[in-house]
Amino acid sequence: MKMLKLGKTAIFQSFLWIYFIISLYPLIYMVFFSLKNNEEIFYTNPMGLPWNLRFHNYVEAVTQFDILKYFRNSIVVSGASLIFILLFALMFSYATARMEWRFKGTAYGYLILGLFIPTQVILIPLAVLIRDFGISNTYLALIIPYVAFNLAFSSLIFFGFFRTIPMEIEESAFMDGASIYRTFVQIMLPLVTPAIATVTIFAFLNVWNEYPLALIMITKNELKTLPTGLLSFTGQYATDWGATGAALVISSIPMIILYLFLSESVEKALTVGGAVKG
């Protein structure tokens, strides 16, 4: 019986390792891609290790294509959007999950309807609205829509976590003289840390990789984010695909770092009772 259990464990671990290698391969391939020239990428060595490590591809990505400018714009837009997404979603979810007030169910249902509205459907009205507000070709032209589009999903996650927290925790805090603001900041927020990590990763990923809105709302080259800025890497007659791969590697670094720092909290979010254990 013990041998059978060990055999099942070994098989399960083997599948996990295979899945890990398959999941990691695209990242490894992208790194190899960034260290090759066009001939290696398409003809002589498309799948193998680079014959010569062409680190000058990264130099060209920074100097010739000015990727640091697009990188800075993406950091500003994504960082500001994430702050407001977390702030508004946490406050709204706490109010609807833990408080009793008139029309809270209607307000929650109205916000969740945003999950069913495709971005492409409202691109033209949104572009007109941004123009009328006079914020075209500014960071706000992206930050405001990004916050609005990510509020529904973020609030849905926070709402579920707040609902799992026992009411006795808040009651004890109120009996000790804590105000609702102190209870929210010092007691409730630490309990939903796994949810905050989860929303941070998903929201940051959505904003960082968003393309249609960034293409329409920003036409000035100085304000373009990475997804639209990378279009400049493609030439009319020839493209330096090695430098393009280097730019893709650089643009992936923030998401990799973010996930490495928050992966443990995300794992807690996927376990039963993770919100209460924090």
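Mentor: Let us start with the salt bridge, which is a side-chain nitrogen of Lys or Arg within 4 Å of a carboxyl oxygen of Asp or Glu. Side chains of opposite charge can pair when their charged atoms come close. Here Arg131 pairs with Asp132 in this way, with 3.2 Å between the closest N and O atoms. Please note that this is a predicted model, in which local features need pLDDT of at least 70 and side-chain atom pairs count only at pLDDT 80 or more, while totals for chains, interfaces and linings use all residues. Residues are numbered from 1 along each chain as its sequence is written, and side-chain values use heavy atoms, with hydrogens and water left out.

Trainee: How many salt bridges does the rule give, and which residue does Glu40 pair with?

Mentor: The count comes to 5 salt bridges. Glu40 is joined to Arg54, with the closest N and O atoms 2.5 Å apart. This pair links distant parts of the chain, 14 residues apart: Glu40 belongs to helix 2 (residues 38–44), and Arg54 to the loop between helix 2 and helix 3 (56–63). Helices are DSSP runs (H or I, at least four residues), strands are E runs of at least two, and both are numbered from the N terminus.

Trainee: Are Glu40 and Arg54 buried or exposed?

Mentor: Buried means under 20% relative accessible area, exposed over 50%, and partly exposed in between, with a 1.4 Å probe and protein chains only. Both Glu40 and Arg54 are buried, whereas Arg131 and Asp132 are both exposed.

Trainee: Where do Lys69 and Asp66 fall in these classes, and why?

Mentor: Their side chains also meet in a salt bridge, at 3.7 Å from N to O. Lys69 is buried because its relative accessible area is 16%. Asp66 counts as partly exposed because its relative accessibility is 31%. Leu87, in helix 4, is likewise classed as partly exposed because its relative accessible area is 41%.

Trainee: How far apart are Leu87 and Tyr29 in sequence and in space?

Mentor: Leu87 and Tyr29 are separated by 58 residues in sequence and by 37 Å from C-alpha to C-alpha.

Trainee: What can be said of the chain as a whole, and how many helices and strands has it?

Mentor: The chain has 14 helices and 0 strands. Its C-alpha trace spans about 70 × 70 × 30 Å along the principal axes. Of the 278 residues, 40% are buried. A contact requires heavy atoms within 4.5 Å; among contacts with a separation of 6 or more, 74% involve residues 24 or more positions apart.

Trainee: Which residues line the largest cavity?

Mentor: Among them are Ser74, Val77, Tyr146, Trp208 and Glu210. Helix 4 (67–98) and helix 10 (193–209) each give two or more residues to this lining, and the largest share, 3 residues, comes from helix 4.

Conventions: On a 1 Å grid over the protein atoms alone, a cavity is a set of points where a 1.4 Å probe fits but cannot get out, and a pocket is an open set with protein on both sides within 12 Å along at least five of seven lines; lining residues have an atom within 4 Å of a point.
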